[in-house]
Amino acid sequence: MKFVWFNLQPWPHLPENFRQDYRSVWVDIPSHLFDPELAHEVYNTYLDQLEFADELGYDGIGCNEHHQNGYGLMPSPNIIAAALSRRTSNAAICVIGNSIVGYNPPTRVAEEFAMIDCISGGRLVAGFPVGTPMDTNFCLGQIPALTRDKYAESHELIIRAWTEPEPFAFDGRYTQLRHVNIWPRPVQQPRPPVFIPGGGSIETWDFCLDHDYNYSYLSFSGYKAGKSLMDGFWQRRAERGDRDDNPYRASFAQIIAVADTDAEAERLYAEHILYFFNNCLHVFPGFADPPGYRTLKTLKAGKLSQLRKETMELFQKLTWADLVESGAVIAGSPDTVAERMEDLARELRVGTVFCLMHTGNMPDWKTRYSTQLFAEKVMPRLQSIWSDYDASEWWCSPMAERRTNDAASMEAARRPVGPGDLIATDPIDGVEGVL
Amino acid sequence: MSVSTISVTTRRGIEATVHVRGTAGSPVVWFHGAGGLLADEPVLDALAADHLVYAPEWPGYGAQETETELYDMLDFALHGLDLLDALGLVVAPHVIGHSMGGMIAAEMLALHPTVATSLTLIGAAGLWIDEHPVPDLFSMVPFELAKTLFVDAVAGEKMLTAGLDFTDDQALIGFMVGNARRMGTAGKILFPIPNRGLAGRLYRITCPILLVWGREDRMFPPVYGERFRQLLTSTAAELVVVDAAGHMVPYEQPDAVVAAVRAFVTV
C-alpha cells in the first residue's frame, strides 16, 4: 500500500459559533475572519508537518486546491508543492490537484506541473479534478453547464502539451493557441501519473479506466460510506473487462488519528476533529449545486432535503461516537487503527490512502504524535497488503540519481564563497569566474 | 383561452415547441425568461384577443432535454432569429421578451434590426450596473427564489411551482431537475454575470421600443430600464414602470402590462 500524508490546510481560528453566525465557510466567508499574520505561522506549521511526514517515510505528501475557503487555504497548491519539492527528498509530491477548468490558458498547469516535476526530480503525482461548484463556478466564474465540456478540452490540451514532441496549434472551443510548446517539460515520460478526484458518475469511472488514471475518491465520510461508491467503480471495471483490477487504480481519503489507546485518541483528538465537522463543513447549499453542474441523472437520485429552510437552520452537532461508528474517522490505538485500515484497504480495494492526519484545529504536537505513531506502528503492518500488484503505473518514477535536500546539503549550498572557490581563468572568454 | 402547441425545426436542426394563441391579427412573438413559460400566462391570453401570439420555448425548457448545441450569446441570438424564420410569418412580428428572453430579443434585433416591427422589453436582462448588482440567482436555494422574483412571495411561489409542495421530497426533486435543465441553459448567457456585451450593441436597434419594468423588481430594478432607454440611441424608447410588481411583472400585474403593450402595439 501507499500512504500519502495529506492536509486540507484549514483555518484553525474560526469562531465558536461560526455555523450560526455565518452562512458559509466557502465562497462568501467574511474576510475579517482571516488574519494574515496568524497565517504566517499556520502555513509554516503545515509545511513543517508535510516535511516531517517525508522524514518518517510516508510514500507521498499531498496538497489540493480550494478557493475562498475557510477549511482549505491552498488556492494555489502548486506553491505548496514547489516549497515541498525543495525541502523534501523522497516522498511523492501529490497535487490532487489543479482545477484545470479555471486556468487560462490550461497550459499553465502543464508548465507548473513540469516545473515541480523537474525541481523534485520526478516526484510529481498530478491531479486533475473537475473541481467543486464552489471553486469552479462560484469562485472561478466558470459556466456550470459548460464545466465538463471545458474540463475535457483542458485535459486534452495539457496531456498533448506534455507528450507531443513538436510545437502544435490548438483550436479549442475555450482555448485557442497558435504555438503550444511548453518549456520546461516533465521529468516523467511520457507523463507524470494522473489522479482524478471524482464522485460517483459512470463518466468519471470510464474516464479513469480509458486513460489508466487513478480514481481518487476524496470525501470526509469515511470508508464505510465510501464502500458503495468504490464498489461501483470496480463493478464498472468488471463490466468493461478491458482493464485489470489492480488496487492501485484507486485511492481513498480517510481521517486517521492514532494514540496509545482508543481512550487517549478520543481525549487528544476529538475536539479538533469535531471542530472540522461541526464548524468547517458548513457550506451554503446554494453554492453546492448550481443548475447545470450536475447531470440530471445525478440530480434525480439525490437527496435534496438539505435545501429546506428548516434543515439549513438545524445545525446538527455530530459527536465523536457518531464519527467513529460511521467510519468517518479511524481513530484509536495502533492495533485498532491497523485493523480498521486493513478493512478499508480490502473492502474498498484501494492501493493508495490519503491519510488526513491533521484535521480541523489540531495543534502541531498532537498532529506529529499521531503522524509518527501511524508511521512507526501502523504503516509497517499494512505496507505489504497489495504486494502482489505493481503500483508503478499509478505512482511517480523519480530519477534514480537526484539531489538530496537534507540539512547537510542545504547547508553546503549556503556556504559562503571562499578564496578556494576561485579559479584563475574562464577557459572560454577569459573572464575570472566562480565555481 | 385555447392554447395549441406546434413543433418547428430550425435550419440549424433544433426542434422547438411553440405555444400558439389567437386566430387573427398581427403576429406577436413572446420570448420567455429564465424560469420558462408558467402554467398560467395571462398576458399571452389577453393579447391573443387581437393578435396571433407565438411563444417558443428555449432549448432545455418545457419537455425538451438539455440542449447541447448552443454555447454562447451569438448562438442564442441566432437561434432566436432561426425561430422567427421557422415560424414563416408573412409580416415582421412584434417581439416581446421577458427577462432573459428580453436579453436574447435585444441581441437578435441588434444583429438584424428589421426582423421585428417593434420590440417590448420587460424586466430585461443583459446589462450590469456596478451600483445595482444583480442578485445571484444561481446560488439561490428554492425557498429564496420567490421572494427575489415577486413582490408577493407566497403567491409567487405558487406560480413558480404550479402548486407543488416543496416539503414533499419527490416534488422538490422534480422541481430541482426542471430547474437544473432550465437554469443550466440560462447559465450559458447569464452566469456568473448576466452581461455579454449587449450595452455596446443596443445602438443598432432602430424599431420602436417599449420598456416595461416592475417598480419592485429586485433582480433588475427599474434603473436597468432607464439604462436600456439611455443606450437605445437610435430609437425613442418609452419606459413604463408598473406599481406593485417585481421582476415577474407579467404575472403579478398582467392587466397593467397588457394595457401598456396595447397602447404601444397599435397595428
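Predicted model: local features only at pLDDT ≥ 70, side-chain atom pairs only at ≥ 80, totals over all residues.

User: Which other peptide bond is cis, and what is its omega?

Analyst: The one joining A:W183 and A:P184, with omega about -5 degrees. A:P184 lies in the loop between β6 (176-180) and β7 (194-197) of chain A. Such bonds get flagged because most peptide bonds are trans.

User: Why is B:S99 called buried?

Analyst: Its relative accessible area is 9%. B:S99 is in the loop between β5 (94-98) and α3 (100-111) of chain B.

User: What makes the phi of B:S99 worth a flag?

Analyst: Phi is near 60 degrees, a positive value, and the residue is not glycine. Most residues other than glycine have a negative phi.

User: B:A244 also has a positive phi. Why is B:A244 called partly exposed?

Analyst: B:A244 has a relative accessible area of 44%. Buried needs under 20% and exposed needs over 50%, so 44% falls in between. Its phi is about 55 degrees. The residue is in the loop between β8 (237-242) and α8 (249-252) of chain B.

User: How do you know that chains A and B touch, and how much area do they bury?

Analyst: Contact is heavy atoms within 4.5 Å. By that rule, 29 residues of chain A meet 28 residues of chain B. The two chains bury about 2300 Å² between them, 74% of it on carbon and sulfur atoms.

User: How many salt bridges and polar contacts cross the interface?

Analyst: The rule finds zero salt bridges between chain A and chain B. It finds one residue pair in polar contact, both at pLDDT 80 or more. On the chain A side, the residues touching chain B divide into 16 nonpolar, seven polar and six charged.

User: Which residues have the most contacts inside the largest nonpolar core?

Analyst: A:I273, B:I205 and B:F228, in a core of 145 residues. Helix α9 (residues 262-280) of chain A gives this core its largest share, ten residues. B:I205 touches, among others, B:A106, B:L109 and B:L232, leaving aside residues up to four places away in sequence. A second, separate core has 79 residues, including A:L47 and A:F128.

Notes
Residues numbered from 1 in each chain as written. Chains lettered and ligands numbered in written order. Heavy atoms only, no water. Buried area = accessible area lost by both parts, 1.4 Å probe. Salt bridge = Lys/Arg side-chain N within 4 Å of Asp/Glu carboxyl O. Polar contact = N/O pair within 3.5 Å; in protein donor to acceptor, adjacent residues only side chain to side chain. Nonpolar A, V, L, I, M, F, W, Y, C, P; charged D, E, K, R; others polar. Core = buried A, V, L, I, M, F, W, Y, C linked by side-chain atoms within 4.5 Å. Buried < 20%, exposed > 50% of the residue type's maximum accessible area, 1.4 Å probe, protein only. Helix = DSSP H or I, 4+ residues; strand = E, 2+ residues; numbered from the N terminus.
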